[in-house]
Amino acid sequence: MLGMCRGRRKFLAASLALLFIPALTWLYLSVGSFQVKPLHLSPLEAQSSPVGGAGERQALELRVRAVEEENRALRRELSRPPRGPSARHPNGGHRSNQSRTHSEEGTGDNEGQKAAAVVGNSSDCVQQPVVDKCETIHVAIVCAGYNASRDVVTLVKSVLFHRRNPLHFHFITDSIAQQILSSLFHTWMVPAVKVDFYDADELKSEVSWIPNKHYSGIYGLMKLVLTKTLPSVLQRVIVLDTDITFATDIAELWAVFHKFKGQQVLGLVENQSDWYLGNLWKNHRPWPALGRGFNTGVILLLLDRLRKLKWEQMWRLTAERELMSMLSTSLADQDQGEAQLRGDMSVPLFDGSTRDEMVLVCHCEDGSNALRTEDIFNAVIKQNPFLVHQLPCFWNVQLSDHTRSEKCYKDVSDLKVIHWNSPKKLRVKNKHVEFFRNLYLTFLEYDGNLLRRELFGCPSEADHNSENLQKTLSELDEDDPCYEFRRERFTVHRTHLYFLHYEYEPSSDNTDVTLVAQLSMDRLQMLEAICKHWEGPISLALYLSDAEAQQFLRYAQGSEVLMSRGNVGYHIVYKEGQFYPVNLLRNVAMRHVNTPYMFLSDIDFLPMYGLYEYLRKSVVQLDMANAKKALVVPAFETLRYRLSYPKSKAELLSQLDMGTLFTFRYHVWTKGHAPTNFAKWRTATTPYRVQWEADFEPYVMVRRDSPEYDRRFVGFGWNKVAHIMELDAQEYEFVVLPNAYMIHMPHAPSFDITKFRSNKQYRVCLKTLKEEFQQNMSRRYGFAALKYMTAENNS
């Protein structure tokens, strides 16, 4: 209210000044014959005015005219209607300078001061926000492969951290990235965030004819076809590279759309390197660009106007024409032209038609024809400069080698967007790179669970998964001593599948087996040893925080053993809650097995050398494809951290007799593996069947379609027992393999087993959950499940 009154006072004072100054001027001129003492209006006037009344009068008239000019300018400013956020700007004529584009000068302060002056003198005392509180901001990202899917998460975190508006992400992905990101967002459950996916493989034919050697591959060119790919009802979108980090609310960038004038349809930041100046090396011939050109790491697209301008035809014709020009130059410079046209034509003919099958390959010494999306955008802008609205440099501070980015952030203290547009990424040469690296690492290791913030006051689409979860949790009794155990069963853990590159095709004979295990940070040291013992595919679920996930990444990338294996799938399940969700982790690893069979192991066990091939042979020998069987691999343990691993059954039996090895948990949990019948196994030469007994928990190989583990069991206790009971209830046969074995390696007690041993309530709740599980078994399997109740009572 106080601000409103002050504004009105200023308006009234300005109006009075406009009336009073002309009146005073007229009065002074009418009495000019009177002798008055000179009034020094300025030091300059005091020095230059001639002595005498005539000179004083002439100087005063000049000053009055200047004041009147200022008054007229002020009246014109006051008479203008206020420009709202959606006001349409007329298209101004081209400037005569080199760029001929509308830009926000320098840091954008001039534009802001002009807007402030207009709004401040309007009838509205408070500046209206340009972006509505609940307006959805649309973001498009092209993302393909395992590494890009990992990198884009940091970008998304930085956007979510600052945002105050609903977001709609449009991902153009290959099948790999779609699987990873759809699972991630489904389990992330961030309010007011919608995600859609578009199949990049269906778009390849649109851009595959363009020669391309950029490290982003063919997928980088798909920004060109967004007008065709994205929904026709979508009018505007922000397009981002995956190597972007936001340091401000993305709504500020969205608001820049309202500054577009005339036919401006593209918002871009000037390129901060010398690439398009063509002087980086001898014979360097970049594609044509306006001045330094523009970087396409951050693009504002007015899709509706682009479609009206026939953008598809525009960029295709430009690309074809420039390719022909570059090819002609290359052929003229070389004794023999190194150009080929793959297709039905023997010579390249670019007549404006859209031949999806045509592929032009240009081999040039300087690599100038290694096309990028940026090249085509710049070529179009060179011919049509009126299309671009130049953004201030702080919307895309480009941290590649040898850029002028330092000039940008020396002038601008409020950085908005950091762009790691170099294959070197964080290792880029820049004397301030440590500052930018720390900003990036902040979001890289930030707990993504903290970004599940509600946008209060903004209605959002109903999320049935979230609603069902809230309903289920509301039905739990918070006064129940075992409430936290029960709640953990329904906790949705954010999950990032295939955190590292994975490439494996199962064998064609349908006998392939994947080792399945789960682990936390304190078991990383087991990974290399397991990879040396098991040459087949592995599916691992890792329970880590965001910071630990990055530690794991550095550990894996520094390991020759792990990096040499492309058949290990690492699935990150992010930490949440106070319990170790052991059975959830096992289920995650099981769901992403792509072989017909899986060996359900634990990370502390080293399988015998050759177990992978032995299990594959057993699949055929025991007709696993046509029978419900669980093949038991006998488990042993050692108390020695350094063990000469037995290379045969005979060597193992020798170590067993010498006391170097023991049957697993014989001294603390004998009945867990007693049904394996180790006495019989010592002399067995053929597989033999054993019966289920209470608390039996062997390690088994089963078909991929076997039942999952029960999630109610967390931490320590009954997690494997319940699963083996489920297999027995579904009439699986337990068959012990006579020449297979695995050995448990010693380690410090886990946090959960320590809680089990020291916390009475923990043990009480485990017993309660066990009883409830048995009751559920009885309801599902009827009379056949009564034996589980009886066996438990007799044990």
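These notebook entries record what I looked up in one predicted model.

**Entry 1: the chain as a whole**

I began with the totals. The chain has 795 residues, and 50% of them are buried. Its secondary structure comes to 27 helices and 26 strands. I then looked up the contacts between residues with a separation of 6 or more, and found that 79% of them join residues 24 or more positions apart. The chain exposes about 38800 Å², of which carbon and sulfur atoms supply 52%.

**Entry 2: the nine-stranded sheet**

I next traced an open sheet of nine strands. Its order is β14-β17-β16-β15-β18-β24-β20-β25-β23, and the pairing is mixed. I recalled that strands of a sheet pair through backbone hydrogen bonds, either parallel or antiparallel. Which strands stand at the edges? They are β14 and β23 (688-690); each has a single partner strand, so one side of each lacks a neighbour in the sheet.

I followed several pairs in turn. Seven bridges join β16 to β17 in the parallel sense, and I538 stands opposite V568 in β17. Helix α18 (residues 546-557) packs on the sheet here and touches both β16 and β17. The direction of α18 makes about 135 degrees with that of β16.

β15 and β18 are also parallel, with four bridges between them. V516 has L600 in β18 as its bridge partner. On the pairing of β18 with strand β24 (residues 699-703), I noted three bridges in the antiparallel sense. In that pair, M598 stands opposite V702 of β24.

I then asked how the faces of two strands are covered. In a regular strand the side chains alternate between the two faces of the sheet. For β18, Y597 and F599 lie on one side and M598 and L600 on the other, and all are buried.

How many residues of strand β20 (residues 629-633) are buried? Five of its five residues are. K629, L631 and V633 point one way from β20, while A630 and V632 point the other way.

**Entry 3: helix α20**

I turned to helix α20 (residues 582-591) and asked why it counts as largely enclosed by the rest of the structure. Nine of its 10 residues are buried, so the helix is largely enclosed. The buried residues include V582, L584, L585, V588, A589 and M590, and also N583, R586 and N587. I then checked what covers these residues. The cover includes the strands β14 (495-496), β15 (513-520), β16 (538-544), β17 (568-574) and β18 (597-600), as well as α24 (719-729).

**Entry 4: helices α5 and α6**

Two packed helices are described by the angle between their axes and the distance between the axes. I looked up both values for helix α5 (residues 145-162) and helix α6 (residues 175-188): the axes come within 9 Å and cross at roughly 35 degrees. The crossing is right-handed.

I listed the residues that meet. From α5 they are G145, Y146, S149, V152, V153, V156, K157 and L160, and from α6 they are I176, A177, I180, L181, L184, F185 and W188. By class, this contact has 12 nonpolar, two polar and one charged residues.

N147 is also found in helix α5. Its relative accessibility is 43%, so I recorded N147 as partly exposed. N147 and L500 are 353 residues apart in sequence, yet their C-alpha atoms are 6.9 Å apart in space.

**Entry 5: residue Q655**

I looked up Q655, which lies in helix α22 (residues 649-658). Is Q655 buried or exposed? Its relative accessibility is 9%, so Q655 counts as buried, the cut-off being under 20%. Leaving out residues up to four places away in sequence, Q655 touches L643, S644, P646, T660 and L661.

**Entry 6: the three-stranded sheet**

Finally, I traced an open sheet of three strands in the order β6-β13-β12, with mixed pairing. β6 (244-246) and β12 (397-398) stand at its edges with a single partner strand each, so one side of each has no neighbour in the sheet. β6 and strand β13 (residues 417-419) run antiparallel and are joined by three bridges. I244 has H419 in β13 as its bridge partner.

Notes: Residues are numbered from 1 along each chain as its sequence is written. This is a predicted model: local features need pLDDT of at least 70, side-chain atom pairs count only at pLDDT 80 or more; totals for chains, interfaces and linings use all residues. Side-chain values use heavy atoms; hydrogens and water are left out. Axes are lines fitted to C-alpha atoms, for helices over the stretch in contact, and angles run from 0 to 180 degrees between N-to-C directions. A crossing is left-handed if the near helix is turned anticlockwise from the far one by less than a right angle, and right-handed if clockwise. Contact means heavy atoms within 4.5 Å. Ala, Val, Leu, Ile, Met, Phe, Trp, Tyr, Cys and Pro count as nonpolar, Asp, Glu, Lys and Arg as charged, and the others, Gly among them, as polar. Two strands pair if DSSP finds at least two bridges between them. Buried means under 20% relative accessible area, exposed over 50%, partly exposed in between (1.4 Å probe, protein chains only). Accessible areas come from the Shrake-Rupley method with a 1.4 Å probe; for residues, only the protein chains shown count as cover.
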